[in-house]
Amino acid sequence: TTPTIDQIASNGMRFDQARATAPWTLPSFATMFTGRYPTRHGAGAEGAVRNIAEDVPRPMAADIPTLAGTLRKSGYRTAAITSNPYLSLGPLRDFQDVTNKTVRADRIGVLARDWIVRESGRRQPWMLWVHFNDPHEPTMASDTRLRQLGFGDDILDHPERTALERWGTEEHNLGDPGISDEDAAERLRVKRALYDASILDADGEIGRILETLHRGGELRNTIVVVVSDHGEEFHDHAALGRVLAQDPRGVYGIGHGHTLFEEQLRVPLVIMGPGARPGVVIEESISLVDLMPTLLGYLQVPAPEGMDGVDRRDWIADDARVDLPFAAESIAYGPEIKAWFDGRLKLHTDDLGKPLGLFDVRSDRAELRNLVARVDSMVVAALRQQLLDWNDEALATAPARAAPGELTDEMREGLKSLGYVE
């Protein structure tokens, strides 16, 4: 489903164990563009039981240096062509040219290519963020890509195709705790087909953007980064969700924003261009909190102070590199939870640090075997202490909170079209 991205990876570096710091769009992208964990950039949901379907998330804190702002100070022109209204609550800050519309990949691709052509005559470095929302709810797959992947009329003309772009109807929803295994399997088959084809739609547009760069003679001087802000759950932990019953929406096992399991945090990360090592696969774990400082390092632009992330160029160049420890947090639905990785073991805790689960993500990527009661208690205690130490430091240096977020009518309509709000 990703021939273009695969080609980028073959000519650049693929990070096999990259993970987001949060399982949903706003805090995850805010991390990528500030080099800070959610606690230290402030963007995200709030409350004892969080529910962004009802409560507007808090925006990113003021005066935090961003990637776009840092590059502008170094003479770069910056632009963002995106398709999610939540990005207006911080991640789009400091971009000079901004288009943020909930439109499909083909339209986003046209806007991106037009911008590149317009900028090609300038003698000024630039940064362009292109954001495709098609694999997100509603999963907007074209008939062309569905057929290209070999799907037939049973998918293209499925009576619930439109409904399954949003996980089903109210009466037959994949998140319904009472759905039968047979009904779930059939609907997941359709949903996965739509998901795969929507990824291929975005992949095709990425290819057209690269062609535009190549024709203009700019590709060889351009660092290309392909990354996702989060993953997606397709009933991976639906049974556990039904037992815990902590999602205030009353749906389980679908989408994102409600757990810190691997299906929501492990994401693609590919970097190609000047400084990247062609054909290299990095198998050790890394967090997207390191993306901004690392990119600034490749661009030879001084990094601002106060980032949690680290320039990982030396780590990438070291063939004896080891896994990097890091955290994840910032739930969108339900009580806050946190996770700590040491590279192999991953500890889930509640907001106060009470262990909820321990998983060996190397041998159990699906996180189905909870080891918290099976391993030496000292192992759990050590991981918990690392998480608490990190959390204490993050809280001690957290910025003043921004004023509560406000949504314009246009933003609210866009969020409604993406399934975030009713």
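1. Packing of helix 5 on helix 9. In this predicted model, helix 5 (residues 105-119) packs with helix 9 (residues 181-215) at an angle of about 15°, and the two axes lie 9 Å apart. Because angles under 35 degrees count as roughly parallel, helix 5 is roughly parallel to helix 9. The crossing of helix 5 past helix 9 is right-handed.

2. Residues between helix 5 and helix 9. On the side of helix 5, the contact is formed by Ala105, Asp106, Gly109, Ala112, Arg113, Ile116 and Val117. Helix 9 contributes Asp201, Ala202, Glu205, Arg208, Ile209, Thr212 and Leu213. Sorted by class, this contact of helix 5 with helix 9 holds seven nonpolar, two polar and five charged residues.

3. Packing of helix 1 on helix 9. Helix 9 also packs with helix 1 (residues 3-10), here at an angle of about 55° and with the axes 7 Å apart. That angle makes helix 1 oblique to helix 9. Pro3, Thr4, Ile5 and Ile8 of helix 1 meet Leu200, Asp203, Ile206, Gly207 and Leu210 of helix 9. The classes in this contact of helix 1 with helix 9 are six nonpolar, two polar and one charged.

4. The second largest pocket. The volume of the second largest pocket is about 780 Å³. This pocket is lined by 31 residues, of which Glu137, Arg249, Val251, Gly419 and Glu422 are the closest to its centre. The lining of the second largest pocket comprises 12 nonpolar, 10 polar and nine charged residues.

5. A cis peptide bond. Glu137, one of the residues closest to the centre of the second largest pocket, is joined to Pro138 by a cis peptide bond with omega of about -5°. Pro138 belongs to the loop between strand 5 (126-130) and helix 6 (143-148).

6. A positive phi value. His235 is a residue other than glycine with a positive phi, near 70°. The position of His235 is in the loop between strand 7 (233-234) and helix 10 (238-244).

7. The largest cavity. How many cavities of 30 Å³ or more does a search of the whole structure find? The search finds two. The largest cavity has a volume of about 60 Å³. Its lining consists of Phe15, Leu269, Ile271, Ile286, Ser287, Leu288, Asp290, Leu291, Thr294, Arg312 and Ile316. At least two residues of this lining come from each of strand 9 (269-272), strand 10 (280-287) and helix 12 (291-299). By class, the lining of the largest cavity contains seven nonpolar, two polar and two charged residues.

8. The second largest cavity. The residues that line the second largest cavity are Lys338, Thr349, Asp350, Asp351, Leu352, Gly353, Leu387, Leu388 and Asn391. Strand 14 (345-350) and helix 14 (377-396) are the elements giving two or more residues to this lining. Which element supplies the largest share of the lining of the second largest cavity? Helix 14 does, with three residues. The lining of the second largest cavity divides into three nonpolar, three polar and three charged residues.

Notes: Residues are numbered from 1 along each chain as its sequence is written. This is a predicted model: local features need pLDDT of at least 70, side-chain atom pairs count only at pLDDT 80 or more; totals for chains, interfaces and linings use all residues. Side-chain values use heavy atoms; hydrogens and water are left out. Axes are lines fitted to C-alpha atoms, for helices over the stretch in contact, and angles run from 0 to 180 degrees between N-to-C directions. Helices (H or I, at least four residues) and strands (E, at least two) are DSSP runs, numbered from the N terminus. Angles under 35 degrees count as roughly parallel, over 145 as roughly antiparallel, 65 to 115 as roughly perpendicular and the rest as oblique. A crossing is left-handed if the near helix is turned anticlockwise from the far one by less than a right angle, and right-handed if clockwise. Contact means heavy atoms within 4.5 Å. Ala, Val, Leu, Ile, Met, Phe, Trp, Tyr, Cys and Pro count as nonpolar, Asp, Glu, Lys and Arg as charged, and the others, Gly among them, as polar. On a 1 Å grid over the protein atoms alone, a cavity is a set of points where a 1.4 Å probe fits but cannot get out, and a pocket is an open set with protein on both sides within 12 Å along at least five of seven lines; lining residues have an atom within 4 Å of a point. Grid points are joined across faces, edges and corners, and a volume is the space filled by probe spheres set on the points.
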